[in-house]
Amino acid sequence: MKSRLSLILVSVLLVSAVINFEMFRSATAAGTNNQALDIERHRGAIEEWRKKRHQRLASDNGWLTLVGLEWLQEGENRIGKGQGNDIRLTGGPDYWGSVVLEQGALRFIRAPGDDVAVDGAFPDEVQMLSDADGEPTLVQSGNLSFYPIFRESYALRVKDSQALTRTQFKGIDNYAIQSDWRVNGRFIQGEEGQTIEMGNVLGQLSPSPVAGMFEFEREGKTHRLITLIEEDSDSLWIVFADRTNGHGSYGAGRMVYSDGMPENGRLVVDFNKAYNPPCAFTDYSTCPIPPQQNRLNLAVMAGEKDYHAN
């Protein structure tokens with residue numbers, strides 16, 4: 001009798017073990033499949049992000065169209081293709097008109113005719129806005145255009161929609177997509193009104209509002225990056241340097257936006273979306289330089305590599 005009971009008990013235990021093993025194997029397979037699906041979804045999202053990034057750069061008003069940066073002098077600045085102008089352009093009429101800078105205010109006196117448009121219209125004279133005022137005033141003739149920017153003083157940013165830098169653009173090399181470079185880190189809120197002095201390639205400094213600190217673990221160490229707030233943005237901005245700069249990635253650093261805003265003390269930053277500043281493509285931009293606090297002792301082998309025109 002005892003032998004029969006023992007045999008029955010052993011059989012029950014064996015059946016239970018088989019069932020538990022099958023359940024474990026199914027759960028493991030499901031977990032593996034879900035993980036593979038998540039990695040595939042992430043890959044698809046990054047590939048789509050890269051496609052849109054390429055489209056923005058290759059557009060007829062993107063950074064690749066930038067062909068000049070002309071600083072304005074106090075008083076009248078004559079502009080055109082012909083000799084005798086203060087600022088000479090490569091196309092359009094011999095004389096486009098004059099940008100007049102007086103006591104910190106700009107106005108454009110347009111040359112007669114319909115060769116030059118101002119924001120799509122043909123006024124004789126108009127007050128000009130720079131990028132510091134919001135949407136800057138755009139002056140255009142054919143494929144050439146310019147608008148004012150303010151970097152401690154005023155300059156004209158000149159663009160050519162048919163510039164070779166744009167028409168011959170083939171794309172940017174990237175590091176391989178790696179899901180582990182999508183980092184869910186801690187977010188430490190900054191103080192109200194906190195700013196940091198951000199330098200640019202012109203050697204100028206300007207205060208930028210700080211959101212807080214992004215903190216994450218990598219290679220057994222804790223790394224920290226200051227995050228910046230941009231007006232009307234639904235994510236935080238990071239300007240950073242790392243050990244790949246000049247050794248695969250652009251020498252002066254890269255930039256990345258967070259995936260959304262912080263939640264419950266956490267912030268997601270996907271370094272697969274790290275991108276080159278405009279200075280990687282043109283000598284006529286005024287890019288920010290990573291602050292000392294954002295110089296990582298870490299090789300971020302994710303995102304865009306250095307750009308070399310074909």
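**Surroundings of Ser-285 and the overall fold**

The side chain of Ser-285 reaches the backbone nitrogen of Cys-279 at 3.2 Å. The structure is a predicted model, in which local features need pLDDT of at least 70, side-chain atom pairs count only at pLDDT 80 or more, and totals for chains, interfaces and linings use all residues. Residues are numbered from 1 along each chain as its sequence is written, and side-chain values use heavy atoms, with hydrogens and water left out.

Ser-285 lies in the segment after strand 17 (266–270). Strands (E, at least two residues) and helices (H or I, at least four) are DSSP runs, numbered from the N terminus. The relative accessible area of Ser-285 is 4%, so the residue is buried. Buried means under 20% relative accessible area, exposed over 50%, and partly exposed in between (1.4 Å probe, protein chains only). Beyond its neighbours within four places in sequence, Ser-285 is in contact with Trp-63, Leu-66, Arg-157, Val-201, Pro-278 and Cys-279. Contact means heavy atoms within 4.5 Å.

Cys-279 also takes part in a disulfide. Its partner is Cys-287, with an S to S distance of 2.3 Å. A disulfide is a covalent bond between the sulfur atoms of two cysteines. The criterion applied is a pair of cysteine sulfur atoms within 2.5 Å. The count by this rule is 1 disulfide. The link of Cys-279 and Cys-287 is right-handed, with 115 degrees about the S-S bond. Cys-279 and Cys-287 are both buried.

The secondary structure of the chain comprises 2 helices and 17 strands. Five strands form an open sheet in the order 1-10-9-8-6, with antiparallel pairing. Strand 1 (66–71) and strand 6 (117–118) are the edge strands, and each pairs on one side only. Two strands pair if DSSP finds at least two bridges between them. Strand 6 and strand 8 (residues 139–141) are joined in the antiparallel sense over 2 bridges. Here Ala-117 has Gln-140 of strand 8 as its bridge partner.

The chain has 310 residues, of which 42% count as buried. Among contacts with a separation of 6 or more, 56% come from residues 24 or more positions apart.

Terms used. A polar contact is a pair of N or O atoms within 3.5 Å; within protein, one must be able to donate a hydrogen and the other to accept it, and residues adjacent in sequence count only if both atoms are side-chain atoms.
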